[in-house]
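I opened my notebook beside a structure I had not looked at before. Here is what I looked up, entry by entry.

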Amino acid sequence: MSNPFSINGGAVVAMVGKDCVAIGCDLRLGMQALTVSNNFPKIFTYGDAYLGLTGLATDVTTMAELFRYKVNMYRLREERAIEPETMANLVSSSLYERRFGPYFVSPVIAGINQRTGKPFICGFDSIGCIDFAKDFIVSGTASDQLFGTCESLWEPDLEPEDLFETCSQALLNSVDRDALSGWGAHVYIITKDKVIKRLLKGRQD
Amino acid sequence: MEVLLGITGKDFTLVAASNAAMRGVTILKAEDDKTRTLNSHTMMAYSGEAGDTVQFAEYIQANVQLYGMRNNANWQLSPPAVASFIRQELARSLRSRNAYHVNLLIGGFDTTTNKPHLYWLDHLASQASIPYAAHGYAQYYCLSILDKHHHPGISLEKGLELMRMCRDELVKRLPIDFKGLSVKVITAKGVQKIELETAT
């Protein structure tokens, strides 16, 4: 109950398809069982990298702002957008900086490397250990449910629109089985030359 | 059992706070002002740990007003900017040895976009921009009333009617008299106090 990772609730999922990736999040912000807001997106964009953050809401906002600063500084210094792989190392080292007083978040990164054209997803624990995955990454209070739905729905080399459907169904059906997540969702479908953001309406209970 | 309430409408933001200063079950004062005006079009209401609240509120008020003095009188912090600043200060304090235990509602009216703003912040510095908000036990009684009756385009009269409905429900359900609400409204004209007629 007083676990910082499950005070506010929330869920994020990322998936790899054929030359595309998808990342989705729910929209709930709560205090224990009470819902405070149903418009609290947990995905933030940084150049070619998309960062999903679940966990303690205050740290979600703090980290999103911290990375906005760090990625802007990176872009000014390097005169190019940050690559998803580089972003992963930036997130990892920023989290490990707080090894003995961590930010209570479980970040997820999704993106397509504009140089190589390769899809990339990864997840982290709260102290920055990177979890590279070829299939999907889940995080948040609905992660147990997301492992189940992703494990049964996901298959290799899905086309963008099929990946959107798979990712959305996995997310929506997981958050419906979790009291601390839900209230609608945002899903991004990322291909090399196009990004589609869709707002999903979910159960409002 | 401190009550904080906030409602936005078409062209206004209402922020209300209970008048009782309490310590445990004792009422120490019946006309306590739990609000601070930050600049011409933003204000905040606060509740929480006794000493922390006023200390933090005055620190914020001083810094927002300092920003106003350092810049042109026509260049004041917008309500979203004020809310972000407050959140950052509270989040910074959260990671210190003695964190402020303060819950806040920030109400404002953006005169450039002509939009009302209401921000909800808890003592962990979780921030949410929402159409109506409450803190403390009032959340359990008032949010359901507002879920049913509020919609974004309501007039000030309807807003005050909703405020009265919430007040009457709290008077009926809370075990301790919170000595009524003092209500402030923020419109394009600025921050004004409004008298909410007493319960019938």
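I began with A:Arg198, which forms a salt bridge with A:Glu161, and the closest N and O atoms are 3.3 Å apart. For a salt bridge I required a side-chain nitrogen of Lys or Arg within 4 Å of a carboxyl oxygen of Asp or Glu. This pair links distant parts of the chain: A:Arg198 is in strand β12 (residues 195–200) of chain A and A:Glu161 in helix α4 of chain A, 37 residues apart. Helices (H or I, at least four residues) and strands (E, at least two) are DSSP runs, numbered from the N terminus. A:Arg198 counts as partly exposed because its relative accessibility is 25%, and A:Glu161 is partly exposed at 42%. My scale was buried under 20% relative accessible area, exposed over 50%, and partly exposed in between (1.4 Å probe, protein chains only).

I noted the ground rules next. This is a predicted model, where local features need pLDDT of at least 70, side-chain atom pairs count only at pLDDT 80 or more, and totals for chains, interfaces and linings use all residues. Residues are numbered from 1 along each chain as its sequence is written, chains are lettered from A and ligands numbered from 1 in the order in which they are written, and side-chain values use heavy atoms, with hydrogens and water left out.

Then I turned to chain B, where B:Arg164 forms a salt bridge with B:Glu197, with 3.2 Å between the closest N and O atoms. B:Arg164 lies in helix α4 (residues 156–173) of chain B and B:Glu197 in the segment after β12 (190–194), so the pair ties together parts 33 residues apart in sequence. B:Arg164 is partly exposed at 23% relative accessibility, and B:Glu197 is partly exposed at 49%.

I also looked for a network of salt bridges, and found one linking A:Glu78, A:Arg80, A:Glu83 and A:Arg115. Within it, the side chains of A:Glu78 and A:Arg80 meet at 3.5 Å, N to O. Over all chains, the structure holds 15 salt bridges.

Which residues other than glycine have a positive phi? One of them is A:Trp183, with phi near 60°, in the loop between α4 and β11 (185–191) of chain A. Another entry went to A:Gln32, whose phi is about 55°; its place is the loop between β3 (29–31) and β4 (34–37) of chain A.

Last, I sketched chain B as a whole: it has four helices and twelve strands. Of its 200 residues, 51% count as buried. Along its principal axes the C-alpha trace spans about 50 × 40 × 25 Å.
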